[in-house]
Amino acid sequence: MHPVDQTIFALSSGRPPSAIAVVRISGPQAGLALRLLAGKIPTPRRATRALLRDGAAAPIDDAVVLWFPGPASATGEDVAELHLHGGRAVLASVVAALSGIDNVRPAEPGEFTRRAFENGKLDLTEAEGLDDLIHADTDRQRRQALRQLTGLLGDRARDWRARIIEAQALFEAGIDFADEGDVPAQLITPALAKVASLLEEIEGALAIEGRGERMRDGLVVAIAGPPNVGKSTLMNQLARREVAIVSPHAGTTRDVIEVQLDLDGYPVTVIDTAGIRETEDPVEQEGVRRAKARAAAADLVLWLTDTDDVLPPDNGSAPVWLVRNKIDLSGSVNDPVENRDAERPRFRMSAAHGDGVTELVAALVGFAETFFGRQESGLITRERQRKLLQESVEALRRSTSVIGQGEELAAEELRRAAYALGRLLGRVDVEDILDVIFREFCIGK
């Protein structure tokens, strides 16, 4: 990362050409850059029309400019925005003009958000929520990311950390300031009560088994089965477009094909795999190997056949649904299905004609509801967050187990718990413990 005394700029809208393009500038030279291009610095936070000119005073574009003086800006620094016509030539001229200003350079990926974090405009969990919001593919992913961006986990973590510091302050006060008259003599009992309450709350958040992480990563469904049973046709039906080659010849699919779907707001990745069979073709052998590996790692396997006699291999822990295809050639979708295995739902369909596909999709939506949870997802959306909360819980548990060996050990474990939450937020400050002590107990007054 470059020094923060440099001013950065970047295109903050979509790729050109476009109707409007937004170029954002942040840093100490943002005002100078705006004055050089627009000829003036407008009233803060008020859109103003201006003719932009380059370093040679040649006109570039008739634009709208905005000025956000720091710290009341998105990054906490002086920020300028140029709303331009989105042609490539216009953008190239603006980029050239900005690059010609001393200490003004193009931004690196994520640098605006990095500066917002460093200037206290958002914590790490909110920055992660912003990243998830940008990459959200479904409405449920969008809602989850927006909750993180607006402080769903960050606010809770700040509250937990403040309460841990309060408990630690009680121990520290008992150790260091026991001779002060305004410090209560009995501090351990309320401190342990705070720790017990914190453990219950954080463990409750961890107990929701990865629902947020699953929503962020999506459900993986593998279509597997013997060759030439209609796997690629079913893939195209689910995707509602031609994503896989359909051929009457066995072994057409040699590699794994993936497509991302939005099933009632749930993110689902469907995988079309090579037909599983014994073959002498080394290329097809590799395709079969990959098919078995992806099916074993999937969250759900659709075992597709054109007969009821071919059963799936038992090589994974994911649930398997038995899907009988080509019923237009051998039967009816309404024919009774013999359910010889209650743990493996059975479906009849014709992927070529669409018969039974609606019922299969509805069942997939139901599976997704169970997989992700019908309620809104939990606080945790990333493995980093879960690990740090687990570290905090482990330290809290140790603080209660070592209390009989001395308040110093318990206070040290609470410090570790607070440190883990500080890392979660990106705000680690060892001095705030003393701030709590002096404020609450009037020590040194």
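How many of the seven residues of strand β9 (residues 266-272) are buried?

Modeller: This is a predicted model, in which local features need pLDDT of at least 70 and side-chain atom pairs count only at pLDDT 80 or more, while totals for chains, interfaces and linings use all residues. Residues are numbered from 1 along each chain as its sequence is written, and side-chain values use heavy atoms, with hydrogens and water left out.

Seven of the seven residues of β9 are buried, so the strand is largely enclosed by the rest of the structure. Buried means under 20% relative accessible area, exposed over 50% and partly exposed in between (1.4 Å probe, protein chains only). Strands are DSSP runs of E with at least two residues, and helices are runs of H or I with at least four, both numbered from the N terminus. Both faces of β9 are covered: Tyr266, Val268, Val270 and Asp272 are buried on one side, and Pro267, Thr269 and Ile271 on the other.

The neighbours of β9 come next. Two strands pair if DSSP finds at least two bridges between them. β8 and β9 run antiparallel and are joined by seven bridges; among these contacts, aspartate 262 has proline 267 of β9 as its bridge partner. The two strands form a hairpin with two residues between them, and aspartate 264 in the turn has a positive phi of about 55°. With β7, the pairing of β9 is parallel and extends over five bridges, valine 270 in β9 being the bridge partner of valine 221.

These strands belong to an open, mixed sheet of six, ordered β8-β9-β7-β10-β11-β12. β8 (257-263) and β12 (346-348) are at the edges with a single partner strand each, so one side of each has no neighbour in the sheet. From one strand to the next the twist averages 25°, taken between lines fitted to C-alpha atoms, with angles from 0 to 180 degrees between N-to-C directions. Further along the order, β7 (residues 219-224) runs parallel to β10 (residues 300-305) through four bridges, and alanine 222 has valine 301 of β10 as its bridge partner.

The largest nonpolar core has 34 residues, and Trp160, Ile164, Leu389 and Leu396 have the most contacts inside it. Such a core is a set of buried Ala, Val, Leu, Ile, Met, Phe, Trp, Tyr and Cys residues joined through side-chain atoms within 4.5 Å. α6 (152-176), α7 (188-207), α13 (383-401) and α14 (407-425) give two or more residues to this core, with α6 giving the most, nine residues. A second, separate core of 31 residues includes Val259, Leu263, Val323 and Val357. Tryptophan 160 touches Leu198, Glu201, Ile202, Ala205, Leu379, Leu389 and Leu421, not counting residues up to four places away in sequence; contact means heavy atoms within 4.5 Å. Among the buried residues of α13 are Leu388, Leu389, Val393 and Leu396.

Confidence also needs stating. pLDDT is the predictor's confidence in each residue, from 0 to 100; its mean over the protein chain is 79, and 78% of the residues reach 70 or more. Residues 336-340 stay under 50, with eight contacts beyond four places in sequence in the model. Residues 430-445 are also below 50. Where pLDDT is low, the predicted coordinates should not be read in detail.
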